[in-house]
Amino acid sequence: MSEISAPTTSTLKIPQAPDKLQHPMTDFLRTERLPHIWCSTCGIGTVITAFIAGLQKSGLDRNKVSVVSGIGCSGRAAGYLRLDSFHSTHGRAVPFATGLALGNPELKVVVISGDGDIAAIGGNHFIHAARRNMNLTIICINNFNYAMTGGQAGPTTPEEANASTAPFGAYEFPFNLPYLAESSGAVYVARWTALHIRRTTKSIAEALLKPGFSFIEVVSPCPTLYARRNRLGSGLDLMRFYHNSAKIQHGADTRDIDIDYQKEIVVGKFIDKEKPDFYTNRDQFLSKKLGDKYIPYRGPNGH
Amino acid sequence: MKADPIGVATGSHYIDGDHACAEGAIAAGCRFLAGYPITPSTEVAERMAERFPKVGGMFIQMEDELASMAAVVGAAWAGPKSMTVTSGPGFSLMMENLGLAIMMETPCVVVNVQRGGPSTGLPTLTGQADMMQARWGSHGDYEIIAISPNSPQECFDLTVKAFNLSEKYRVPVLFMMDECVGHMTEKVVIPEADKIDIVPRNFYKGKKEDYRPYKFNGDNSVGPMIKAGDGYNIHITGLTHDERGYPVINADAQDKNVNHLVDKIIKNEEDIRMIETDQIDDAEVIVISYGITSRVALKAVQDARAAGMKVGIMRLITVWPFPEKLIKKLSSKVKAFIVPEINLGQVSIEVERCAAGKATTIGVPHAGGWVHDPNDILKAIKKGVK
């Protein structure tokens, strides 16, 4: 944590211990809303830590960063971050974020949401935002199930894994999210687990600075539902599992990185390529076509 | 505030209602449209796609209407005046995030050029059967503003008003056109920019620590907004929330939040109300109509007057919130209300409820696909005056 400098933009009035005892991330959290709703040893908090660290590392102006979440456990992320934060409807975090990003091109808009929100009910929005190379960073916390509603099977539940709506084990083929993101047009694609805090942080910082559509999947323990139903032990046991089973393979072919039940998890940065982002592409195209007649969208201060 | 001249196509035009609606939106200062093609509303989106790059606007065609409405709400919180446009099937998909806009108290305009339903129904032919969906379509309790124009000129004028009302009350305004008005071509006069009144967004400018995105103090007014990027670090949610915008999941918070959403509209009904009446002072029967049907009803009323019947006309320009007090008052003065509409009885049920048995309510239903025969309305008037 030594690389994280103390926040300089604090305007908070939080009753607290002397400054020297303050956690360096306190300023980025809505501490008046704590304690949070997440279970002990859930991985979402770890991802939030990595996100704040990544944001600090990126050097972006926090006041120009907005976070949008959908619905579910991960959907509550927006509510704890002291940034402009929006808690939208189930599956619609990506199109809501698209509107926000287009409405003010000065903003860096980040979606933090779960696998069900992004890949099931929001799947269509996800692939179209990637196709457009929309200026968004998507952090998908994949815990393999719908945890908020009690552990139902979802679009990433591995075959054989037990879930409350797959009481005999799941038999559908799950999404391989990095492959989906890459084939839809994402310019930055990475996958980590909640164990890989430094690497997740680094990826988040890189993604935040990457124009266009960036996607980071973070495989994360759900000790209360997924792990318990499948007798996988505690959150700590799952961390041990990640430690033993995650294989770092940067640049891996995303077609080959399906996640099978309790098997090897290939992690790494898979894609980091150049392609004009939505804003730049639109601006260049319309100025070429319309010449002097083109008036670029000036953002909210234009009107 | 007056309109920004850059968006105002001042002059006389011969255009249809859809195009006039697009011009009204641009004149009102709308600079963001997210939409999805659907007959008979597509021309609004097409005109915006062509006009926006020349007036500094942002047009995006989304992957569906769920996304369109979500993007409109997101964009509105980034600052620009935002809208979407659709017809019945798309309107159904928008109900989810229309609820989000209502809960987040987000100003925006949703245009529905109505066609025949249910389901795919009559894509190219007219209907007015989404009026109750406009009122009740999204889940939960809320009140909404719905405006129904009856000419291309009104598609321009009232679209401007729709944006103004949405800013004033921080509520989505539903612009309930119908296929006839949308595709009817008439003369539309667009005034000079300095003749067009615009309500700008009320942005908060005070201290960060004092800002509250919501105001639930019971005075039925709305507080100022901020936009993302201004440094206020707001939190906005579709969950039941307190004045800070923070989720609070209990009955007390729900009571404050939802009653505010309802009261800010209902208690201001007379301020929002736009109604046209003619010859109602001595009327025994009043024909109540809206949209294209009001133009057909006019012919029936003229014929009835010529035949010596004491009949007046009331046109609902704002259909929601419903002019409950006014109808209640009139119901003790008249024998009957005649309610022709291109559905099988939606607004007529509301009239009947307000009349509460003091006056008879006679609906003139039409399943859609075409406008009424004025003679059918005349027959109902004859029945009413007996």
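Here is a short tour of this predicted model, taken point by point.

1. **Chain A as a whole.**

2. **Inside chain A.** Of the 303 residues in this chain, 54% count as buried. Looking at contacts in chain A between residues at least 6 apart in sequence, 66% join residues at least 24 apart.

3. **Where the two chains meet.** Next, look at the contact between the chains, to which chain A brings 44 residues and chain B brings 46 residues. On the side of chain A that touches chain B, at least two residues come from each of α2 (77–80), β2 (84–87), α3 (93–103), α5 (123–132) and α10 (278–290). Of these, α3(A) gives the most, with 8 residues. By residue type, the side of chain A that touches chain B divides into 16 nonpolar, 18 polar and 10 charged residues.

4. **A pair of helices in chain B.** Two packed helices are described by the angle between their axes and the distance between the axes. In chain B, take helix α3 (residues 65–78) and helix α4 (residues 88–103): their axes come within 7 Å and cross at roughly 30°. Angles under 35 degrees count as roughly parallel, and that makes α3(B) roughly parallel to α4(B). The crossing of the two is right-handed.

5. **What touches what in that pair.** From α3(B), the residues in the contact are Glu65(B), Leu66(B), Met69(B), Ala70(B) and Val73(B). They meet a set of residues in α4(B) that includes Gly90(B), Leu93(B), Met94(B) and Glu96(B), along with Asn97(B), Leu98(B), Leu100(B) and Ala101(B). Taken together, the residues of this contact divide into 9 nonpolar, 2 polar and 2 charged.

6. **Two cis peptide bonds.** Most residues other than glycine have a negative phi, and most peptide bonds are trans. In chain A, though, Leu34(A) and Pro35(A) are joined by a cis peptide bond with an omega of about 5°. Pro35(A) sits in the segment before α1 (44–58) of chain A. Chain B has a cis peptide bond between Thr39(B) and Pro40(B), where omega is about 0°. For Pro40(B), the place to look is the loop between β2 (30–35) and α2 (42–55) of chain B.

7. **Two positive phi values.** Glu160(A) is not a glycine, yet its phi is positive, at about 90°. You will find Glu160(A) in the loop between β6 (152–153) and α6 (177–184) of chain A. In chain B, Glu105(B) also has a positive phi, near 50°, and lies in the loop between α4 and β5 (108–116).

8. **Are those two glutamates buried or partly exposed?** Glu160(A) has 14 other C-beta atoms within 10 Å, so Glu160(A) is partly exposed. Glu105(B) counts as buried because it has 22 C-beta neighbours inside 10 Å, and the cut-off for that label is 20 or more.

Methods:
Residues are numbered from 1 along each chain as its sequence is written. Chains are lettered from A and ligands numbered from 1 in the order in which they are written. This is a predicted model: local features need pLDDT of at least 70, side-chain atom pairs count only at pLDDT 80 or more; totals for chains, interfaces and linings use all residues. Axes are lines fitted to C-alpha atoms, for helices over the stretch in contact, and angles run from 0 to 180 degrees between N-to-C directions. Helices (H or I, at least four residues) and strands (E, at least two) are DSSP runs, numbered from the N terminus. Angles under 35 degrees count as roughly parallel, over 145 as roughly antiparallel, 65 to 115 as roughly perpendicular and the rest as oblique. A crossing is left-handed if the near helix is turned anticlockwise from the far one by less than a right angle, and right-handed if clockwise. Two residues are in contact if their C-beta atoms, placed from the backbone, lie within 7 Å. Ala, Val, Leu, Ile, Met, Phe, Trp, Tyr, Cys and Pro count as nonpolar, Asp, Glu, Lys and Arg as charged, and the others, Gly among them, as polar. A residue is buried if 20 or more other C-beta atoms lie within 10 Å of its own, exposed if 12 or fewer, and partly exposed in between; C-beta atoms are placed from the backbone.
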